[in-house]
Amino acid sequence: MQAAPHVLFDGRPGQNAALSEQAIERGGDTASLQRAHHAGVNCIAIDRFDGRYLISGGADASIKLWDLEESENNSKDYFNRAAGSVKKSASSHQYGITHLCFYPFDSLAFLSSSYDHKLKVYATEPMTVSATFDLDSVVYSHSLSPIADHLLVACATQNSAVRLVDLRSGASTHSLVGHHRAVLSVAWSPHQEYILASGSLDGTARLWDIRRSANSLGLLDLEDSVGIVGEDGIGKNARHREMGKAHTDAVNGVVWTDDGTHLMTTGHDERVRVWDMSTGANALSHFGPIIKNAHLSTLLPLLVPGYVIGPGKHVMFYPNPKEILMFDLFEGTLLKRLRIPGQPGVPGRGTTAQANFRSRTTSLAWRTGHVDLYSAHSDGSIQAWLPRTADEVQAENEEAGQGGDAEDESRKRKREALDEIFRDLTKQRITFT
């Protein structure tokens, strides 16, 4: 994967889609010319069907729709202009957007949550509000099951309970009680429609079965690498664990693998943990000291779809400040570091704290049916990451080969010089007295 500097997202009203030659001559750095959201991009999502539309939510409460096919066939620098946006009104969000997701069964609708305590359902094409749910506390993230028929939206809120919103009835009164502080992240299992995972500010990660009267299935414990095996070795009739923490600080991310066999959690202790969901055991994957995570907002790693890398392989992208880290999920091996263009450290722009805030990578999204990655950033930009072309790989190999030949020639000259010195020394007669 590599950055695609020719794919630019410009959210400024009235701007031309094509990047003019005059702008390039004046600025030179095309990355500095793009801003999808002026106040920063908090989250992005791509539709699961055609992979055509991307929605983005800003820190200024704006929501924009982008057509990814617009710039697909353009080899030159190209401003991707928003195909639609939510107009500011009394019915739209009033504060920053925290999370976005397309309706899993139809890309003609999407859901959004915000710091204004609201969960909203939008129609994609007209970008108008279809329904609004007031949850009376900040909604950090939400999740809608990709397989279930129940249409329950799980919401992670500033309240210590996970809130469930029923899109069919419009009710939002059902709560899952168990955490002791704010819930920061929730995710439905991709294979069991009634199983839900959540992460909290209290450092715990809980599992829930919404069919049970006592909904909680227990906690994940970072010190348990064996798990609760039960009668059948995979947890049958096992006693639930109600003590322990998944992280030593806040848990602000929970993500399932596509097959539902493992769960990833991210925390403010700057660790990513992988859990075997058959027993709840800590898989002990270690990703080293380069992981950074300090912001209260939800931070979700991204797993590469199986159709891209093949069966039995698991690759994770992690949104680090100024870069995206690529890991082997179970080995913890760092495979690659993708540096964010135009972010060498943001020198000369206010305080260090301000610079660190502007360099955050806030969200990642994979484009279905393609090998494309998109990342959102707190400086207002959206970055596209595309695979290298065959010509680029060939050119890189040729360059590496030329560099290797030059290095071999240099070593050969040095070796010949040393051999000559050695021969001269052996020809001399040395007398010891």
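What follows is a dialogue about how labels were assigned in a predicted model.

Colleague: What should I know about the model before we start?

Modeller: The model is predicted: local features need pLDDT of at least 70, side-chain atom pairs count only at pLDDT 80 or more, and totals for chains, interfaces and linings use all residues. Residues are numbered from 1 along each chain as its sequence is written, and side-chain values use heavy atoms, with hydrogens and water left out.

Colleague: How many helices and strands are there, and what makes a run count as one?

Modeller: The chain has four helices and 30 strands. Both are DSSP runs numbered from the N terminus: a helix is H or I over at least four residues, a strand is E over at least two.

Colleague: How much of the chain counts as buried, and what does the word mean here?

Modeller: Buried means under 20% relative accessible area, exposed means over 50%, and partly exposed is in between, with a 1.4 Å probe and protein chains only. Of the 433 residues, 49% count as buried. The accessible surface of the chain is about 21400 Å², and 50% of that belongs to carbon and sulfur atoms; the areas come from the Shrake-Rupley method with a 1.4 Å probe, and for residues only the protein chains shown count as cover.

Colleague: Why is the pair K118 and D134 called a salt bridge?

Modeller: The rule asks for a side-chain nitrogen of Lys or Arg within 4 Å of a carboxyl oxygen of Asp or Glu. For K118 and D134 the closest N and O atoms are 3.9 Å apart, so the pair meets the rule. K118 is in strand β10 (residues 118-123) and D134 in strand β11 (residues 128-134), 16 residues apart. K118 has 23% relative accessibility, so K118 counts as partly exposed; D134, at 40%, also counts as partly exposed.

Colleague: How many salt bridges does the rule give?

Modeller: The count comes to nine. R52, D67 and E69 are linked in a network of salt bridges. Another salt bridge joins the side chains of R367 and D372, at 3.4 Å from N to O. R367, at 1% relative accessible area, is buried, and D372, at 9%, counts as buried because that value is under the cut-off.

Colleague: What makes β28 an edge strand?

Modeller: Two strands pair if DSSP finds at least two bridges between them. The sheet in question is open, with four strands in the order β1-β30-β29-β28 and antiparallel pairing. Its edge strands are β1 (2-3) and β28 (361-367), each pairing on one side only. As one example, W366 has L373 in β29 as its bridge partner.

Colleague: Why is N282 called buried, and what does N282 touch?

Modeller: N282 has 7% relative accessibility, so N282 counts as buried. N282 is found in strand β23 (residues 281-282). Leaving aside neighbours within four places in sequence, N282 is in contact with D221, L222, D224, S225, R273, V274 and W275; contact means heavy atoms within 4.5 Å. The N282 side chain also reaches the backbone nitrogen of L284 at 2.9 Å.

Colleague: How do you know that I291 is buried, and where does I291 lie?

Modeller: I291 has a relative accessible area of 1%, so I291 is buried. I291 lies in the loop between β23 and β24 (302-303). Not counting residues up to four places away in sequence, I291 touches E270, R271, V272, Y318, N320, L325 and F327.

Definitions and conventions:
Polar contact = N/O pair within 3.5 Å; in protein donor to acceptor, adjacent residues only side chain to side chain.
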